[in-house]
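Take your time at each stop before moving on to the next.

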Amino acid sequence: MTSVAILTCWPDDVSVGSGTAVGQRSLRDALSSAGFDVAALRTSRFATSWPGLAARRIAASRRPNLRPFAAVLGIDGEGWRYASKLGGRYVAVTKAVLADVLRYEPQRLGPLTIQADWERKSAERAAVVIAASAYAAERVRALYRIPAARIRVIPEAFDFAAWRAMLPRAERGPIVLAVGHLYRRKNYAALLEAWPLVRAARPDARLVIVGDGPERERLRPLASATPGMRLAGHIPRAELLALYAGATVFAHPSLQENFGISPLEAVASGLRVVAYAQEAVAENLAGLDGVHLTADLSPARLALLIVDALAAGTVAPARHEALAARLAPAAVGRRWRVLIDGLARSG
């Protein structure tokens, strides 16, 4: 069996790793479905402070034993210090595209900027660079100056059937759900500003935002200003699944995504989705029944779309079979198999 190593700076804990934690788990699932023996190695820790950055720099210099592996996949710059020594076995997996994130998180300059440069170096030294969407691939090309011929798009794997099987039985209610780490780029302030207008039209509606992060304190006053809002923070998985099973609408005003996993969870749950027409999200959701993508995030427009979606009710999951087939772990795994076998032949 061919062995593949995944080098990462992210834990599998969603409360820390956000969508990247989910993405690297789905990567393991896809590789395993393709018959690879997968070893996930957390070789450093993503830094949010200067001391953390110094610790990551030291950890990044300690190269693990990678001789047994046919391919080494470095997530978000991991392995950048020794990528060139791995030759054609090293693949840069740009789940974050940190240089793109910087546009939306100016308050996090410093450690984020330096780690974006490490991600750029990993991409420069890789045999091939993987992006999860055409949007992300274009940002890698433009921001890291990587030739398009060295970039491949392989989407995140998402098992619609397995997700639906986990959902509990629940009665749907007028719940609007949002799920994501509370980064500024997720733009939950726009949703909170629209909420009084939603409540004026639907006094029974409730908004639940699941997730935590650096924007929590800024959002808290907005959340407490109007009834029917709840910043739930991070919650147990069973509670999250119950919300997906009991909600009617999923709201996703995020300004920047490289793929967008939580809207897929919503689609698989049968929710109607109101989302910003961001390019990576649109690649998966545009044209789907029950999905409304909008470039207008004004409170009046966002409220109108949510109220209409609440009135329309949920969506039959069978309408999304083509998307489910494209993102199935086995289908994504086959794309990884072609890529990694190709690296072995060229090496």
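Under the distance rule used here, which pairs a side-chain nitrogen of Lys or Arg with a carboxyl oxygen of Asp or Glu within 4 Å, the count comes to 15 salt bridges. Please keep in mind throughout that this is a predicted model, and that the tour visits some of its features rather than every one.

**First stop: a salt bridge between distant parts of the chain**

Select R185 and E105, and show their side chains, which meet in a salt bridge with a distance of 3.0 Å from N to O. The two residues are 80 residues apart and belong to distant parts of the chain, with R185 in the loop between β7 (175-179) and α7 (188-201), and E105 in the loop between α3 and α4 (111-125). Are these two residues buried or exposed? R185 has a relative accessible area of 11% and is buried, because buried means under 20%, and E105 is likewise buried, with a relative accessible area of 0%.

Select D204 and R202 next, whose side chains meet in a salt bridge of 3.0 Å, taken from N to O. D204 counts as partly exposed, at 41% relative accessibility, and R202 is also partly exposed, with a relative accessible area of 22%.

Select α7 together with helix α12 (residues 299-312), and turn the view until you can follow both axes, which are 8 Å apart where the helices pack at an angle of about 55 degrees. The two helices are therefore oblique to each other, and their crossing is right-handed. To see what makes the contact, show A190, L191, E193, A194, L197, V198 and A201 of α7, and then P299, A300, L302, A303, I306, V307 and L310 of α12. What kinds of residue meet in the contact of α7 with α12? They divide into 13 nonpolar, no polar and one charged.

Keep α7 selected and bring in helix α8 (residues 216-225), whose axis comes within 9 Å of the axis of α7 and crosses it at roughly 10 degrees. An angle under 35 degrees counts as roughly parallel, so α7 is roughly parallel to α8. In this contact Y188, A189 and L192 of α7 meet R218, L219, L222 and A223 of α8, and these residues divide into six nonpolar, no polar and one charged.

Select D76, which you will find in the loop between β3 (71-75) and β4 (90-93). D76 is buried, with a relative accessible area of 1%.

Then select V97, in the loop between β4 and α3 (98-101), where you will again find a positive phi of about 50 degrees in a residue that is not a glycine. V97 counts as buried, at 0% relative accessibility.

**Last stop: D289**

Finish by selecting D289, which is found in the loop between α11 (279-285) and β12 (291-294). Which residues does D289 touch, not counting residues up to four places away in sequence? D289 touches V315, R319 and H320, and D289 itself counts as partly exposed, at 31% relative accessibility. As a last exercise, draw a distance in the viewer from the C-alpha atom of D289 to the C-alpha atom of D100, which are separated by 30 Å in the model, while the two residues are 189 residues apart along the chain.

Conventions:
Residues numbered from 1 in each chain as written. Predicted model: local features only at pLDDT ≥ 70, side-chain atom pairs only at ≥ 80, totals over all residues. Heavy atoms only, no water. Helix = DSSP H or I, 4+ residues; strand = E, 2+ residues; numbered from the N terminus. Buried < 20%, exposed > 50% of the residue type's maximum accessible area, 1.4 Å probe, protein only. Axes fitted to C-alpha atoms, helices over the stretch in contact; angles between N-to-C directions. Parallel < 35°, antiparallel > 145°, perpendicular 65-115°, else oblique. Left-handed = near helix turned anticlockwise from the far one by under 90°. Contact = heavy atoms within 4.5 Å. Nonpolar A, V, L, I, M, F, W, Y, C, P; charged D, E, K, R; others polar.
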